[in-house]
Structure formats: structure tokens, C-alpha cells
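Dear colleague,

Please find below the structure that I am handing over to you. My notes on what was found in it follow directly after.

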Amino acid sequence: MLILTCPCCGVTAEETEFHGGGEAHIKRFGPGSSDEDFHGYLFEKVNPKGVHFERWRHANGCGKWFHAARCTVTLEVFGTYSAQTTEPPQDIKDKISAKRPGWSWREFA
Amino acid sequence: MKRYSAFAVAREALRYHMGWDRAWASPEPKKKYDVIIVGAGGHGLATAYYLGKNFGITNVAVLEKGWLGGGNTGRNTTIIRSNYLQDSSAAIYEKARGLYETLSQDLNYNIMYSPRGVMMLAQTQHEVRGYERTAHANALQGVATEFISPNRVKELVPIINIDGPRYPVLGALWQPRGGTARHDAVAWGYARACSAMGMDIIQKCEVTGISREGSKVTGVTTNRGDIACDKLGIVVAGHSGHLADMAGFRLPIESVALQALVSEPIKPCMDVVVMANTVHGYMSQSDKGEMVIGGGADGYNNYTQRGSFHHVEETVRALVETFPMISRLKMLRQWGGIVDMTGDRSPILSKTPVEGVFINCGWGTGGFKSIPGSGWGFAELMAKGHSPLTAEFNLDRFKEGRFIDESVAAGVAH
Ligand SMILES: Cc1cc2nc3c(=O)[nH]c(=O)nc-3n(C[C@H](O)[C@H](O)[C@H](O)COP(=O)(O)OP(=O)(O)OC[C@H]3O[C@@H](n4cnc5c(N)ncnc54)[C@H](O)[C@@H]3O)c2cc1C
Ligand SMILES: [Zn+2]
């Protein structure tokens with residue numbers, strides 16, 4: 001059972017209040033982009049064994065989207081943060097580095 | 001390999017069962033193989049078996065990080081059916097189901113195939129239309145299924161409640177030759193036959209890296225040393241993304257937990273497999289009398305082989321409404337496996353961007369039923385570079401927008 005804290009309304013609740021929305025920080029490619037980029041954007045997942053960044057929605061609460069940094073091997077949650085960003089904030093990255101030295105995820109580390 | 005037979009059982013009974021051989025050998029890895037298969041689940045072992053049997057390629061190693069059959073092959077609810085909507089799916093699943101019919105004889109190992117019939121309940125108008133369509137498609141594909149009435153459902157499954165208040169049973173898609181088999185035995189039977197052909201099954205051997213020269217694979221790094229190969233087959237289910245990372249390409253796959261549970265054993269009460277996809281639960285009765293139960297997958301990426309409790313609760317809630325008599329049953333065990341989900345809920349059997357590396361994955365929540373057919377086709381692909389059974393399931397189908405969409409067709413995929 002995952003326990004997440006919604007950064008939008010501050011409520012801490014178990015996962016049944018939330019709905020997972022898949023990989024976060026995906027860069028969009030639309031009309032005019034190459035087939036490769038469009039394919040990568042639509043289909044290729046990072047699916048890491050370890051540090052992962054995801055979108056979640058506080059579905060049975062305030063209804064808002066946010067981001068979570070999680071470990072897919074231990075289910076530990078490193079932290080949650082606003083979705084109004086293209087990159088995880090420094091304090092979240094620091095928290096992860098303290099626990100998983102040498103981690104990387106797509107172009108972040 | 002000494003053959004198993006009634007005579008052998010009698011002979012061993014007379015000498016205190018001291019004469020049984022080990023079913024497969026545990027060799028040290030060699031320096032080099034023609035083919036290395038990563039993952040000794042059903043699909044990896046079946047691939048090795050058909051490489052040897054159909055193509056005479058026996059300088060093969062199957063590398064397994066844990067114990068053979070310890071992945072999803074030993075964790076599933078063993079439903080076998082081939083009533084899929086799309087032609088390419090029906091072809092590979094029906095090939096597999098057909099091979100299951102005589103697999104015990106072919107392997108000289110009792111895999112306990114039990115074609116007891118699989119029933120998929122239609123509990124909404126949408127599902128009725130969907131399954132009628134599938135039954136028509138199956139007729140054209142040569143897969144024997146039919147759409148049956150609620151009364152026939154009740155006849156076949158007396159313990160079912162067909163007029164539940166919320167989701168009454170409106171009919172069902174019925175495949176009389178679908179059923180179950182003993183999952184461990186499928187892995188063990190293939191392993192024994194591979195070992196008898198001189199292949200090396202190496203357990204506790206984790207692949208940690210994939211080496212290449214230019215764009216071509218040269219071998220793997222493992223916790224038991226480097227091993228060279230000409231061709232590499234990656235058949236690791238939930239860990240496919242992880243292995244693809246090592247080889248340097250990405251997959252359209254996410255790994256999530258899928259759970260199952262069994263009840264205490266009770267007297268025989270249901271001799272078919274029932275799946276209720278709208279309410280998300282399915283159930284069959286094992287030979288030991290346990291009710292074997294499964295439901296939907298968890299909702300986020302996970303590598304822990306443990307799922308969330310509320311999914312168990314959802315499944316059980318749905319089944320208690322469908323089968324009121326199970327409400328007092330105690331559950332004995334619950335477990336999870338990591339399943340590899342693709343967007344169109346169809347597998348990937350394909351060459352990859354790395355020359356000599358082939359991948360067989362994406363079977364997700366429903367690949368036990370396909371083990372023999374998948375091994376058959378994937379062995380052909382690895383040996384000859386092309387197989388009619390696997391052609392449509394290549395990696396490029398996503399880029400080309402050629403999905404084999406079974407998610408609309410099944411709802412739940414087991
Ligand atoms: C709870 C549950 C219920 C299911 N119910 C059904 C059902 O009723 N019917 C059905 O058809 N299907 C069902 N499935 C799906 C089915 O179990 C799988 O699709 C199928 O078993 C996959 O087989 P496999 O050989 O590809 O994978 P696995 O059996 O998982 O084998 C992969 C192997 O690769 C090994 N491996 C991973 N990484 C490495 C590495 N780095 N080095 C070496 N080895 C490695 C693993 O240890 C594992 O043994 C279910 C699955 C689950 C979890
Ligand atoms: Zn909130």
C-alpha cells in the first residue's frame with residue numbers, strides 16, 4: 001500500500017485516494033516532429049528498476065495532478081511535488097541522491 | 001534421460017524409489033554458446049526446446065537469475081484459451097493450445113492439461129456485442145467457441161448467480177477446449193527435455209550486462225562470468241525493460257504487479273474456468289480443491305512481486321457477488337508477479353535494434369496459455385530470421401501504427 005502526500009492540498013492518504021498517471025516529465029512531440037521523436041514520445045517508456053518519476057492525480061480528493069518520485073524496487077516514496085515544472089526540484093533530487101547515490105533517470109541525475 | 005512410464009513407477013516402487021535420475025543437469029557455464037536465452041520461464045525454455053527439436057540447434061544455454069519457473073510461469077492462474085479477436089493473436093494462441101493438447105506425450109512429462117472449458121461472462125450489453133463479434137471472428141479463424149445463453153451458463157456452473165442485481169449474466173463466450181494445466185510442470189517438462197538434448201540450464205545466473213561489437217551482440221556479463229554467444233534471446237517478462245536498457249534500446253512496456261490468491265480446499269463444486277471481466281475477477285478450482293482466484297493488475301510501475309491489498313479486496317468482492325457460496329471461504333495464500341504490459345495488450349516477438357538480439361516479451365497478464373506457441377514461433381524467428389507466427393508481433397508495429405488491439409477485445413487479458 002502506497003502512502004502519498006498531495007502537494008496541492010497537503011492531504012496524506014493511501015493509494016486508493018489517488019490514481020496513477022504514468023511516467024512524468026515526458027517531452028511532447030507533435031506535428032512537424034520526426035517519426036522517431038513522435039514514436040519515442042508516444043510509446044517508449046523508461047520503466048526503470050529503481051528511481052522513477054510519475055504523474056499522479058488526487059482523484060478522490062482535490063482532483064489535481066502532481067508528481068511523485070518513487071523507487072519501484074522498494075516502493076519507497078522520496079517525495080511529491082507540483083506538476084507545474086519540467087524537471088524535479090533540487091530538494092527532491094538531493095533526497096534521492098542521499099538514498100540512491102549515482103542514480104539517473106532519462107536526462108536527470 | 002530415462003523415460004517416465006507406468007513401468008518405471010512400478011520398477012522404482014520395488015526399489016524404494018532410489019533409481020530416479022535428476023530431471024535436469026546443473027552444469028557450469030561454458031565460455032561460448034551458439035544461442036543464449038535469458039530467462040528460464042516457460043517462454044524461454046520452450047524457445048530453447050523448439051530450437052533443438054525443430055532446428056537442431058542444441059549448443060544453447062538458458063540463464064536464469066533465480067530458479068527455473070520461479071517468475072510468472074510459477075505464479076499464474078494457469079488459464080489456457082485462444083478466443084482472441086485479432087487474427088494474428090488467434091493464430092499464435094491456438095497454435096499454443098493445440099500443442100498443449102499433446103504436450104505431456106511430447107515431453108514425456110505430465111503437465112496435467114485439463115481442457116475443462118473456459119467461460120467469459122457477458123454482463124453488459126457492450127460485452128454481449130463484443131463477445132458475439134469474437135465468436136464470429138473465431139469461427140472464421142477456426143477456433144471453436146460459441147456464444148451461450150444465461151441458462152446454459154447456469155447449467156455448466158450451478159454455483160453461479162446469474163441474476164445479480166447490478167451485473168446480471170447476459171450470456172457468455174464459451175471455449176469448450178480451453179482449460180488449465182500445471183504451470184510448474186510446463187517449465188519442468190521443457191527443462192528436462194532441453195537438458196536431455198544437451199542444453200545447459202544455468203540457475204542463479206543473473207545477466208548484468210550485454211556486450212556488443214559495433215551494432216552486433218557478442219555475449220553477456222553475468223554474476224558467474226562473461227559468456228559469449230552468436231545470438232541472444234531476451235525472455236524475461238517483467239524485467240524486459242531492464243534488459244533492454246542493458247542492450248541500449250527502449251521498449252513500449254511498463255512493469256506492474258498482478259496478484260492471485262487461493263482458498264482453502266473444498267469439495268469439487270465448479271469444473272470449468274469462469275472469467276468475469278466487467279467486475280474484474282476470475283476463478284477455477286484446482287485438482288486439490290482450492291479455488292484459484294485472480295483479478296486485475298495494479299495501477300503503477302512495480303518490481304516487488306507484491307501488490308496492493310485493495311486489488312485483492314476488489315476481486316473478492318466481485319466474485320462473492322457472482323458466486324455467493326464462496327463468501328465464507330478462507331483464503332490460504334496470496335502472491336504477486338511482475339507483468340510486462342504493452343499498450344495494445346499484445347506481445348512483442350521481434351528482432352531488435354541490436355543485431356543478434358531478439359526479444360520475446362509483453363505477454364503481460366496472459367502469457368501462460370501461449371508458452372508452446374510462443375516458443376515455437378520465437379525459435380523459428382531466432383533460427384531463420386522470420387516466422388509467420390510472430391511476424392505481426394514485431395517491435396515496429398508501434399511506430400507503424402499497426403496495433404494488435406486486444407485490450408478492447410478482452411478487458412481483462414488472462
Ligand atoms: C498472478 C498472475 C496470474 C496470471 N494468470 C495467467 C493465466 O491465468 N493465464 C495465462 O495465460 N497467463 C497468466 N499470467 C501471465 C503469465 O504468467 C506470464 O505471461 C508468463 O508466465 C510469462 O512467462 P515468461 O517465461 O515470459 O516469464 P517468467 O516466467 O516471468 O520468466 C522470466 C524469467 O526471467 C528471469 N530473469 C529476469 N531477469 C533476469 C536476468 N537479468 N538474468 C537472468 N534471468 C532473469 C526471471 O527470474 C524469470 O524466471 C499470470 C501472471 C500473474 C503474475
Ligand atoms: Zn490533493
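**Domains, ligand and chain contact**

In chain B, the domain assignment gives domain 1 (28-109 + 182-252 + 344-409) and domain 2 (118-176 + 255-342). Please bear in mind throughout that this is a predicted model.

The C-alpha centres of domain 1 and domain 2 of chain B are 27 Å apart. Their contact involves 33 residues from domain 1 of chain B and 31 residues from domain 2 of chain B. Between them, these two domains of chain B bury about 2,500 Å², and carbon and sulfur atoms account for 55% of it. On the side of domain 1 of chain B, Arg75(B), Thr77(B) and Asn83(B) contribute 25% of the area buried against domain 2 of chain B, more than any other three residues.

I turn next to ligand 1. It is surrounded by 37 residues, of which Glu64(B), Asn72(B), Thr73(B), Thr77(B) and Lys369(B) are the closest. Both domains of chain B take part, since domain 1 and domain 2 each supply at least three residues to the shell around ligand 1. By type, the shell around ligand 1 consists of 15 nonpolar, 17 polar and five charged residues.

Several polar atoms of chain B lie beside those of the ligand. An N or O atom in the side chain of Thr73(B) is 2.6 Å from an oxygen atom of ligand 1. A polar backbone atom of Lys65(B) is found 3.0 Å from a nitrogen atom of ligand 1, and a backbone N or O atom of Gly42(B) is 3.2 Å from an oxygen atom of ligand 1. Ligand 1 exposes 1,000 Å² when taken alone, and the protein buries 97% of that.

Which elements give two or more residues to the shell around ligand 1? They are helix H2 (42-55), strand S12 (253-263) and strand S16 (331-342), which belong to chain B. S12(B) gives the most, with three residues.

Finally, there is the contact between the two chains. Chain A contributes 24 residues to it and chain B contributes 20 residues. The area buried between chain A and chain B is about 2,100 Å², with 53% coming from carbon and sulfur atoms. Within chain A, the residues that lose the most area to chain B are Phe43(A), Asn47(A) and Lys49(A), which together make up 31% of what that side buries.

With kind regards

Technical notes. Residues numbered from 1 in each chain as written. Chains lettered and ligands numbered in written order. Predicted model: local features only at pLDDT ≥ 70, side-chain atom pairs only at ≥ 80, totals over all residues. Heavy atoms only, no water. Near = heavy atom within 4 Å. Polar contact = N/O pair within 3.5 Å; in protein donor to acceptor, adjacent residues only side chain to side chain. Areas by Shrake-Rupley, 256 points an atom, 1.4 Å probe, with all protein chains shown as cover. Helix = DSSP H or I, 4+ residues; strand = E, 2+ residues; numbered from the N terminus. Nonpolar A, V, L, I, M, F, W, Y, C, P; charged D, E, K, R; others polar. Domains from an automatic or database assignment. Contact = heavy atoms within 4.5 Å. Buried area = accessible area lost by both parts, 1.4 Å probe.
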